[in-house]
Structure formats: C-alpha cells, structure tokens
Amino acid sequence: MFLTSGLLALGLALTGCAGAGASDPAGASGAGGDAVTAAASEVSRTDSGAVIPSGYVDGAVTLVRGTDGVGLVTDTAALGDTPVVSEWFDLHCPYCAMFADLHGSTFEGLLDSGDAALGLYPMAFLDDHSAGDAYSTRGAVLLAAIADSGQGAAWWPTLQGLMGAQPESGTGMSDARMLEIATEAGVDTTAALSSFPDLTVEQALAQKVFADYVAEPAQAAFHSGIEQVPTVKVGGAEVTSIGDATAFDAEPHALL
C-alpha cells in the first residue's frame, strides 16, 4: 500500500537503502547462469564469466525514444549529444518505490520528449529483505530477460509495475505474480531469449539464468562511490534534491 505523496517526500528526505556490497545469489539462484548453455558465439561475458544480457551496457539498460518508439541503446556512442539521466535502484528498496511513485512521470516526460535518455541500473543487494525469496535478484533477472528478449519498449512499464507492487519487507513475490505484472506491461513472456535461445522469458525467470550477472552491477556501483539507492545522476552530476518532491522535478532539467 502506498503512502501519500507528502509522506513519501518525507521518507525520501530521511534516507535511502544503503549497503556495502551485493547479496551473494548462490543460495537463491539455483543453477543460475549454468542452468543452460548460452549461445557462446553470440554473447558477451563479464570478467568473471557471467553472461551479459543483451541490451545491458556496464550494468545498465539505456532507454531512448526513437522514431519507432522507446528502445534499448546497446551502443551509447549512438546517443550523440543526448544527455542521460541515470538511476541506481533495487526493486525491494522502499525508498526506490516511493521515488518511482513520486517521480516516474518526470522520467517518462524526459524520455517521451526526447530531451534525455534514461540509464537504469538494477542493483540486487536486498535479497535478505524477502525472507529467502531473493526478490531483488529475481526481479533483476526478470528485467534482464525482458531486455535480452528484445522487448525494450516494455522494460520501463514493467519496472514501474514492479515498483508499484513492491512486497513489504520480509516478504517476496511469486514468479506468477511477477510475470502477470510483466504481461500487463506488454511483455510476451513466451518470447525466446537472445543469449539463451532455448529459453523463454518465463523459463529464464524460473531458472534465474542471469543471477550471476545481476549481482555484479551492485558491487561495481558501490566500488564507484554509490552509497545508497535511489541515486540519480545527470551525466556525472548527482541530483541532490532527490528527497524534495518539488525541487527534484526541476533539477534534472536544469542539469541537462
């Protein structure tokens, strides 16, 4: 259940979800990236060997509006002079859900107008908030599978849907409910992955095939100086008014 906007602003002003590192997904991820064999000639891997989901660059999905609608940018150099508004978040962070409720329309406006691209970093480090359910990792796996299946236009609506249905601390969310939210956002959960052609989005979630990968962006972000989520930057400049419902909506535009 969501709080009122006024209480949300107060909560955001107080704090965010902080951490010193990512959760180890090994216990919750089952076979993880080893569940199936990736199409080796077609995939990229991190230094640790984790398969990088198609559509992800340096831990982020970058969304931009083009002539055919919103899509994923796999070569950020193609953005040219288009500025990027970036957010680091965890699907089980309550402050991230508050932020999405308050400012999701601001992000959508920047994207729809073409004034900016969105760089979105799912960070899975709050698995212990869901009592063994590993919701942070599983939600990030679903988002990775959607990107990898080439359904970029549905990525943002799925993210917003998951944030809006965020489970309370100490609880998680079933695969069925997560897939229902994705379907409502326009995802074909029977679509095949690019990296794992024998798997659908639904199967990828069940087998958590990107669990090894999704733990890494959180580690990289913390090492780079990101101290909590949500964190928002425009280019390299951090947005400092993130807890102020009125000022935040103006600050990204001023930094563009």
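Student: Is Glu180 buried, partly exposed or exposed?

Tutor: Glu180 is partly exposed, at a relative accessible area of 39%; buried means under 20%, exposed over 50%, and partly exposed in between, with a 1.4 Å probe and protein chains only. This is a predicted model, where local features need pLDDT of at least 70, side-chain atom pairs count only at pLDDT 80 or more, and totals for chains, interfaces and linings use all residues. Residues are numbered from 1 along each chain as its sequence is written, and side-chain values use heavy atoms, with hydrogens and water left out.

Student: Which helix is Glu180 in?

Tutor: Glu180 sits in α6, residues 175-184; helices are DSSP runs of H or I, at least four residues, numbered from the N terminus.

Student: And Thr200, buried or exposed?

Tutor: Thr200 is buried, because its relative accessible area is 18%. Thr200 belongs to the loop between α6 and α7 (201-207).

Student: What is Thr200 in contact with?

Tutor: Beyond neighbours within four places in sequence, Thr200 contacts Thr189, Thr190, Ala191, Ala192 and Leu193, where contact means heavy atoms within 4.5 Å.

Student: Different topic. Which residues touch the most other members of the largest nonpolar core?

Tutor: Trp155 and Phe210, in a core of 73 residues. Such a core is a set of buried Ala, Val, Leu, Ile, Met, Phe, Trp, Tyr and Cys residues joined through side-chain atoms within 4.5 Å.

Student: What does Trp155 contact, sequence neighbours within four places aside?

Tutor: Its contacts there include Tyr56, Phe89, Leu120 and Ile146.

Terms used: Helix = DSSP H or I, 4+ residues; strand = E, 2+ residues; numbered from the N terminus.
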